[in-house]
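Here is a short report on one protein model. Look at the sequence and the structure, then read on.

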Amino acid sequence: KHYARALQLDEGRLARTPDDRQVQFDTAISLANMASIAERRHGSDKTFALFTRSLQIRSALSDSDPEDVLARGRVAWVRMRLARLEQERGNLDAALDHARRSVEDQQHVVETTKDVGSGGDLGAALEALGQIQLARREIAAACESFARAVPLLATGERVKAGVDLGRRESFADLGQTLAANFGVGPLAHGTSFLESLVGHDS
């Protein structure tokens, strides 16, 4: 009831002040909140309609101010949700389009803000893209998306700050790095990146 009332109030504010960016943003949030509730209670049609309205408002906000990275990130989040819904509805072409655009927008946000939380959102978008590619039998593309979706963070007293490990070729690289760190390697597969983290492989 609270989310429904919030949406009612926000839509009233939007009708009175349609050019107010904050009111537009608040309304888009309320629509997404109601969509999430509808997803649990009513199925995909109502959810789809609410997320679509939220996307329309968010896209207009983002387009009107290309420097607003937050707005672009929120567009990407709604597109990711719509991609999953389109997949459930069997509309794989539409799902793929939403997912690709979500990944593109989230990539821009990550590159612009360098925010760790944004990296998680990018991972979620990549995972959604991979699932859709898998459903379309695009196996190589799905593997690529899934590989990009898994973040790798390293911390510790010996770990150098600000090291970009880039993209690893295999999860075996992580195993080889741990083996080198604990002096139990080398293993049969993988390339250690311990030297990049601490300066030496011992």
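Along the sequence, the protein chain reads α-α-α-α-α-α-α-α-α. That comes to nine helices and zero strands. Helices (H or I, at least four residues) and strands (E, at least two) are DSSP runs, numbered from the N terminus.

The model is predicted, so local features need pLDDT of at least 70, side-chain atom pairs count only at pLDDT 80 or more, and totals for chains, interfaces and linings use all residues. Residues are numbered from 1 along each chain as its sequence is written, and side-chain values use heavy atoms, with hydrogens and water left out.

Next come values for the whole protein chain.

| Property | Value |
|---|---|
| Radius of gyration of the protein chain | 21 Å |
| Span of the C-alpha trace along the principal axes | about 65 × 35 × 30 Å |
| Accessible surface of the protein chain | about 11,800 Å² |

A compact globule of 202 residues would have a radius of gyration near 17 Å. The radius is taken over C-alpha atoms, and the globule rule is 2.2 Å times the number of residues to the power 0.38. Carbon and sulfur atoms hold 53% of the accessible surface. Accessible areas come from the Shrake-Rupley method with a 1.4 Å probe; for residues, only the protein chains shown count as cover.

Now take one residue. S145 sits in helix α7 (residues 139–149). Why does S145 count as buried? Because its relative accessibility is 4%, and buried means under 20% relative accessible area (1.4 Å probe, protein chains only). Leaving out residues up to four places away in sequence, S145 touches L126, L129, G130 and Q133. Contact means heavy atoms within 4.5 Å.

Terms used: Buried means under 20% relative accessible area, exposed over 50%, partly exposed in between (1.4 Å probe, protein chains only).
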